[in-house]
Amino acid sequence: MRAKSISLVLLAALTMSAAGCAGNQGGQPQAGDTRFVAGDGKMQVFAATERQAAPAVEGPTLDGGTASLAAHKGKVVVLNFWASWCGPCRAEAPVLKDVAAKTKGTGVEFIGVDFKDRKADALAFERTEQSGYPSIFDQPGKVALAFQGTVPPAAIPSTLIIDKQGRIAARALGAVRYTDLMNTVTKVRDE
């Protein structure tokens, strides 16, 4: 019962965050409304002087290892929040895979965060997509919750770009587009 309560609180927090961050308030859900707010996938880039520190992110990966932001200190890290049950996540998977492959070895690392998913479904998704980078299995949503008070993911899928100093440099809510992701990753890497 406790886990279910925590899940409901997290869902409410993400919904409220999405309502506050997703643009025009006229069409946004109000308190208590749990409708999904779809993002448009556009990258929101934050000026270096306005960037907030990313929280410590660490967790067990789907392949049995561990992934963390701290392991990639001094590099740009792309965090992608996804779930196997999410259609837009499936649509953007080839984009993420391609950009990850093209930027590997250039000071850019990718970490997936599988959110609110069944492990068997997440593993099947990974076998199909073969992303080429690790994904933290975050069934309870602790990684997403850690971003509350900074720049929360606020939707599934969401992509955060963490700069070399460990600050949140950019965010996209919804399925990210190739050109937007590649250009933003390159810009943040070259700062």
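**Lys119 and onwards**

A: Lys119 is partly exposed, with a relative accessible area of 39% (buried is under 20%, exposed over 50%, partly exposed in between, using a 1.4 Å probe and protein chains only). This is a predicted model, where local features need pLDDT of at least 70 and side-chain atom pairs count only at pLDDT 80 or more, while totals for chains, interfaces and linings use all residues. Residues are numbered from 1 along each chain as its sequence is written, and side-chain values use heavy atoms, with hydrogens and water left out.

Q: Where is the place of Lys119, and what does Lys119 touch?
A: Lys119 sits in helix H3, residues 119-129 (helices are DSSP runs of H or I with at least four residues, strands are runs of E with at least two, both numbered from the N terminus). Leaving out residues up to four places away in sequence, Lys119 touches Leu62 and Phe137, where contact means heavy atoms within 4.5 Å.

Q: OK, new topic. Which cysteines form a disulfide?
A: Cys86 and Cys89, with sulfur atoms 2.4 Å apart; the rule is a pair of cysteine sulfur atoms within 2.5 Å. The count by that rule is 1 disulfide.

Q: What's the hand of the link, and are the two cysteines buried or exposed?
A: The link of Cys86 and Cys89 is right-handed, with 85 degrees about the S-S bond. Cys86 and Cys89 are both buried.

Q: How many cavities of 30 Å³ or more are there?
A: The count is 1, and the largest cavity holds about 80 Å³ of space. On a 1 Å grid over the protein atoms alone, a cavity is a set of points where a 1.4 Å probe fits but cannot get out, a pocket is an open set with protein on both sides within 12 Å along at least five of seven lines, and lining residues have an atom within 4 Å of a point. Volume is the space filled by probe spheres set on the points.

Q: Which element gives the largest share of the lining of that cavity?
A: H2, with 4 residues. The lining includes Cys89, Trp82, Phe125 and Tyr133.

Q: What about the second largest pocket, how much space lies there?
A: About 240 Å³. It is lined by 18 residues, and Leu69, Ala70, Lys73, Ile162 and Gly166 lie nearest its centre.

Q: What's phi like at Lys116 and Gln130?
A: Lys116, in the loop between S5 and H3, has phi near 50 degrees, a positive value in a residue other than glycine. Gln130 isn't a glycine either, and its phi is positive at about 45 degrees. Gln130 counts as exposed, at 54% relative accessibility.

Q: Last one: what should helix H5 span?
A: At 1.5 Å a residue, the 12 residues of H5 (178-189) should span 16 Å, and the end C-alpha atoms are 16 Å apart, which agrees. The expected span is 1.5 Å times one less than the number of residues. The buried residues of H5 include Leu181, Met182 and Val185.
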